[in-house]
Amino acid sequence: MKKIFFLAAAAMMSTAMFADLQVADFENINLAPESEFAFKVDTAVFLESGSFEVQQTVAYGGTYVSGAVVSSHTDIVFEGFQDANKSIVGGAYAGQNYVVWYADGWTPNVIKLKEAAVVPGMFVTNNVYAYNSMKNGDDIAGDPFAAGDWFKLTISGSLNGTPVNTKVDFMLAQGTAILTQWAYVDLSTLGEVDELSFSMSGSRNGDYGLNTPSYFCIDNLGAEAPAEAIENTNAAVKAVKVIRDGKVVILRGEKAFNILGSEL
């Protein structure tokens, strides 16, 4: 399974700050291989994993699900909406289970922490539904992504009901560069939070908002950055993050890369 690591925020905080936080790897959710978990009746519930509780909202007689669906699917076949709950990588970052998150833009689905803490980060990747819309086009979003198109995840936090001042943006696609691997997103700049929420935006919009399917995938929520995320494969050339025109750029020697790993 492919794994790739990018930093989407400022420098990491010390390991000691995260000592009591338990990673949500969703392996405690009992799933058969190649399956998914969503309630079949209208409800709004929180599924627990590690130090986190992820919200799932079901409506319209159990036919509509937003927020978190826990999945163990490993194929990337997409033939229609019935295949929506899959990662484009073909499985989890680690283990069997991961979360497919639908940020529909009007249902207030959130992730709660059992106790307020600084969250170091999480792994994300694209969902097959969103990926196929961007890669191949569809009847709603139109033609495949081209230069100038983009698809962005924004992570927000709050503490005691008050939003924190910082947000974290992560580009899931820029032009024809569409993320197809697990990427690490640094959330430490949010500071101490007891709730996380997600919103999605992009270049393809219509009368009712975003036309690109607003899905993405999460695994190992609360994980610290692995060594691969902060160590350059060439130890003599350090990777440095800078902001250019409002975007994160990774500099390695004389080369510059966007956060999807494409050389600029």
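Helices (H or I, at least four residues) and strands (E, at least two) are DSSP runs, numbered from the N terminus.

Ground rules. I am looking at a predicted model, where local features need pLDDT of at least 70, side-chain atom pairs count only at pLDDT 80 or more, and totals for chains, interfaces and linings use all residues. Residues are numbered from 1 along each chain as its sequence is written, and side-chain values use heavy atoms, with hydrogens and water left out.

**Confidence**

I checked pLDDT (the predictor's confidence in each residue, from 0 to 100) before anything else. The chain's mean is 87, with 79% of residues at 70 or more. Residues 2–16 stay under 50, and the model gives them 55 contacts beyond four places in sequence; contact here means heavy atoms within 4.5 Å. Residues 230–237 are also below 50, with 9 contacts in the model beyond near neighbours in sequence.

**Whole chain**

I find 2 helices and 19 strands. Of the 264 residues, 52% are buried (buried is under 20% relative accessible area, exposed over 50%, partly exposed in between; 1.4 Å probe, protein chains only). Taking contacts between residues at least 6 apart in sequence, 72% join residues at least 24 apart.

**Helix 1**

Next I went to helix 1, residues 128–136. At its start, a side-chain oxygen of Asn-127 comes within 2.8 Å of the backbone nitrogen of Tyr-129. Just past the helix, Gly-137 has a positive phi of about 80 degrees. Buried in the helix are Val-128, Ala-130, Tyr-131, Asn-132, Ser-133 and Met-134. Their cover includes strand 7, strand 8 (150–159), strand 10 (168–174), strand 11 (177–178) and strand 16 (215–219). Leaving out residues up to four places away in sequence, Ser-133 touches Asp-138, Ala-141, Thr-212 and Pro-213.

**Strands 7 and 12**

Strand 7 (residues 121–126) runs antiparallel to strand 12, with 4 bridges between them; I call two strands paired if DSSP finds at least two bridges. Met-122 has Val-185 as its bridge partner in strand 12. Strand 12 (residues 183–186) is covered on both faces, with Ala-183 and Val-185 buried on one side and Tyr-184 and Asp-186 on the other.

**Cores**

A nonpolar core is a set of buried Ala, Val, Leu, Ile, Met, Phe, Trp, Tyr and Cys residues joined through side-chain atoms within 4.5 Å. The largest has 47 residues, and Trp-101 and Ile-155 touch the most other members. Apart from it lies another core of 14 residues, including Tyr-64, Tyr-93, Tyr-102 and Tyr-215.

**Two loop residues**

Asn-97 sits in the loop between strand 4 (64–71) and strand 5 (98–102). I log Asn-97 as buried because its relative accessibility is 1%. A polar atom of the Asn-97 side chain is 2.8 Å from the backbone oxygen of Phe-26. Beyond its neighbours within four places in sequence, Asn-97 has contacts including Asp-25, Glu-27, Val-70 and Asp-219.

Trp-106 is in the loop between strand 5 and strand 6 (111–118). Trp-106 goes down as exposed because its relative accessibility is 61%.

Definitions and conventions
A polar contact is a pair of N or O atoms within 3.5 Å; within protein, one must be able to donate a hydrogen and the other to accept it, and residues adjacent in sequence count only if both atoms are side-chain atoms.
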